[in-house]
Amino acid sequence: MSEHEAALVGERHERVRTGRVMPLHERFVRRMTPLTSAAAALIALQAVVRGWVVSDSYYFQDDFAHLDLARSAGLTTEFLVRDYGGHVEVGQYFLMWLLSHAIDGSFAPAAFSVIVLQAATSLGLFQLLRTLFGDSRLILVPWTAYLFTPLALGFSSWWSAALQTLPMQLATVVVLLAVTRAHRQRSRRWALLSVLVFAAGLLMWQKAALILPLALAVHLLVTTHDLPWKERLVGLRRQWGMWSAHAGVLGAYIFFYLATVDEGTALTQAEPIRWGSLLTQTLFRMFVPGLFGGPWHARGAESTIYPYTETYAALIFLFVFACLVVLSFVVSGARAYAGWLLLVGYLTADLSLLALGRSDWIGLLLRDPRYVADALPVVTIAVLASCRGLLETGRSERAAAVWLRQRMTMAVVLRVVALLFVSSLITTVRMAPAVQHEYAANFTRGVADQMEAEPERSVLNSAPPYEISARADLEGMMNAVGAEVVFDRPAVEMFIFDGLAQLRLVDLFPGSDERTGPVKGCGWAVDQQEADLWSVESDDATPRVLRMGYYAGSEATLHVSVAGRSSSLDVPAGVGRAFFVVGPESGRVSARVEDGDGVCVTDLAVGAAWVAVQPDTTAQ
C-alpha cells in the first residue's frame, strides 16, 4: 500500500470514529495525486483529439447494413442473432438498435458512443495498471502510447469496427482487473464480475474468447510473479470455481457460436500462413511504428489501411523498440521475460486468427490495425511487466534500476509523455482525412437531398459504390440514416445514381433481350382485357428493368404483370417508353389498359439497368 493510500485509510478510520461526513468535493480533491491528476488530464486530452477525428467521420460499409436491419427488423432474433461473415455480435447489434432511433443522417450519436466507450476503456486500463504495478508515475508512459496511438484511428472512425474493438478492450481490462482483485482480496464479488464481463465481451465479438487465456497468462506471469511456479499453480487451484466458471462460459459460447454460423463461414485456412508478410508488413511497418506515433505521414493510408512506413524509418522504430527490450533486461534481469512472453503469445494468436480467418483478403489487410487493435492494452501490461525493476524497490534490485529510477522524476516522465503525444498527434492530423469516410458522407447526403427535393421522381434502387457499402443497396442506406424515400417506381423516365450521386437517365445494358410485337404498325394491341405479351427468362442482374415501347391515342393507365408482380403506370398520349423494375425470376409478361382507349405496345426488352447514352442534364 502506498503512502497516499495509507493516509486515505487513516482518514477513513478517523471519520468513522468521529462520525464526521466529508463533503463529496473534498473527498475528490483528497484522492487526487500528481499521478491521478495527470491521468485525468490525459483522458480529457484523448477525448478531445479522438472526438475531433471521429466527429467528422461518417457511416461506412457494415454500418449501413446493420442500421437498415435494426430499423426494419427491430429488436428481434433475426437482427440480434445472426451469422454476419462469420461474426456473431449480439451486443453490438443491440447498441446499434438502441442508437438507431436517434440517427437522422448525422454521425453524432455514433461518435458519442465511440468517445464514451474509449474514455471508459482508457480509465479502466489506468486502474488495471495501478492495480498490477502500483502508483508508479512510470505507468503513464506506455499508457500514453495506448491513449494516442494512430493505430486506433481506423477502427474508431468506423462505427461497426469500434463496436467490436472497444467493447472487447473494455471487457479485457475489466476481466483482468476483476481477476486480479479476486485473487488478492479473496473476493467472490470480483470473481463473479469477471465471469459476467467475460460473457458480455463474448456477446460483443467472438474474438473475446482470447480474454480467458490472456487472463490466465497475466495471473501466472504478472500478478503472481514474485511466487515460485508451484505456488502460482496452487493459487489457480485455490480459485478453481472462478476459472471453471470462465471455462463454462467459453464452452457454452462456442456451442452457441457454432450453432449460429454457417459451416462455410467458420475459420478455414484457405492457404498457408504467410508469416513473412505478417512479420514485415503487420509488425515491422505498421504495429511497431504505430506504438511510437509513427510514421508521421499519411502516404499509403486509405480507409482503415495504415500509412506505409519506409524501410529506413521502420528500422529506426524497431531499433527504439529493441532498446526498450534490452533496457528491460538491464533493469529487471530474467524477470523481464514474463512481459515479452505475454506480448509475443498474444500477438501470435492475433496474427494466426488474421491469417486463418481472412486468408482470402490477407494481402489487403496486412496493414489494417483493426486485426491487432485488441493487443494494444496488452502492450502496456507487457512493457510494465518487463520493466518491473523500475517499479519496485527491494534488496534484489539492480543498480541500473536504482540509477534510472532516481532520474525518472515526474517532470521527466511528463516530458516523455509529451513527446509520445506530439509524435502521435502529427500522424493523427495527417491521417485523419483518410479515415473519416468523406466519400460515403458526400454520396449518402447527395442521394438523400435529391430524393427529398423531388420525392415523386422514379429512381432505381441500385448498389452504391463498393468503396461505400458492399452489403446495403441505396434503399437500405437511406433507411439506415432515417431518410424515408421510395425507389423503383414505374415511370416513363427512370433515373439511376452514378458514383458521384448524380442522376442519370436509365436505359438497358447493350445487347439485352428484346422483342417486337407481331402486329405491323402496332406490335401488341392492349385494351382492357389482359393481353399475354412475352415470356422472360430468369437473370440475376440487379437491378433488372423491363422497357416497354408504346404509343397511345390518349392518356391511359397501364397495368403490367411480370412473373406475377404487378405494377401500374399512367402514360401520356403519344409515343414513349415505360420502365418497370422486375425481379430475377422467369415468367410471363402481360398487360391491360384502364381508363383509356387502348395502347399499342411496340416493343419489349428486359435486362440490367444501364446509363442512357444521352443523360438528362436538366435533372442534375
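What follows is a short tour of aromatic rings, charges over rings, and cysteines.

This is a predicted model, in which local features need pLDDT of at least 70 and side-chain atom pairs count only at pLDDT 80 or more, while totals for chains, interfaces and linings use all residues. Residues are numbered from 1 along each chain as its sequence is written, and side-chain values use heavy atoms, with hydrogens and water left out.

**Aromatic rings**

Rings of Phe, Tyr and Trp (its six-membered ring) pair if their centres lie within 6.5 Å; planes under 30 degrees apart count as stacked, over 60 as edge-to-face and the rest as tilted. By this rule there are 15 aromatic pairs. In one of them, the ring centres of Tyr58 and Tyr59 are 5.2 Å apart and the planes meet at 70 degrees, so this pair is edge-to-face. Tyr58 and Tyr59 also belong to one aromatic cluster with Phe107 and Trp159.

Phe509 and Trp610 make an edge-to-face pair too, because their centres are 4.7 Å apart and their planes stand at 90 degrees. Phe509 lies in the loop between strand E2 (503-508) and strand E3 (513-516), and Trp610 in strand E11 (residues 599-611), so the pair ties together parts that are 101 residues apart in sequence. Strands (E) are DSSP runs of at least two residues, numbered from the N terminus.

How open are these residues? The table uses relative accessible area: buried means under 20%, exposed over 50%, and partly exposed in between (1.4 Å probe, protein chains only).

| Residue | Relative accessible area | Class |
|---|---|---|
| Tyr58 | 1% | buried |
| Tyr59 | 0% | buried |
| Phe509 | 40% | partly exposed |
| Trp610 | 42% | partly exposed |

**Charges over rings**

A charge sits over a ring if NZ of Lys or CZ of Arg is within 6 Å of the ring centre and within 35 degrees of the ring normal. The charged end of Arg82 is placed this way over Tyr93, 3.9 Å from the ring centre. Arg457 lies over the face of Phe495, with 5.2 Å to the ring centre.

**Cysteines**

Which cysteines form a disulfide, a pair of sulfur atoms within 2.5 Å? Cys522 and Cys600 do, with their sulfur atoms 2.1 Å apart. Their link is left-handed, with -100 degrees about the S-S bond. Cys522 is in the loop between E3 and strand E4 (524-526) and Cys600 in strand E11, 78 residues apart. The sulfur of Cys323, by contrast, is 12 Å from its closest cysteine sulfur, in Cys387, which is too far for a bond.

Conventions: Helices (H or I, at least four residues) and strands (E, at least two) are DSSP runs, numbered from the N terminus. A disulfide is a pair of cysteine sulfur atoms within 2.5 Å.
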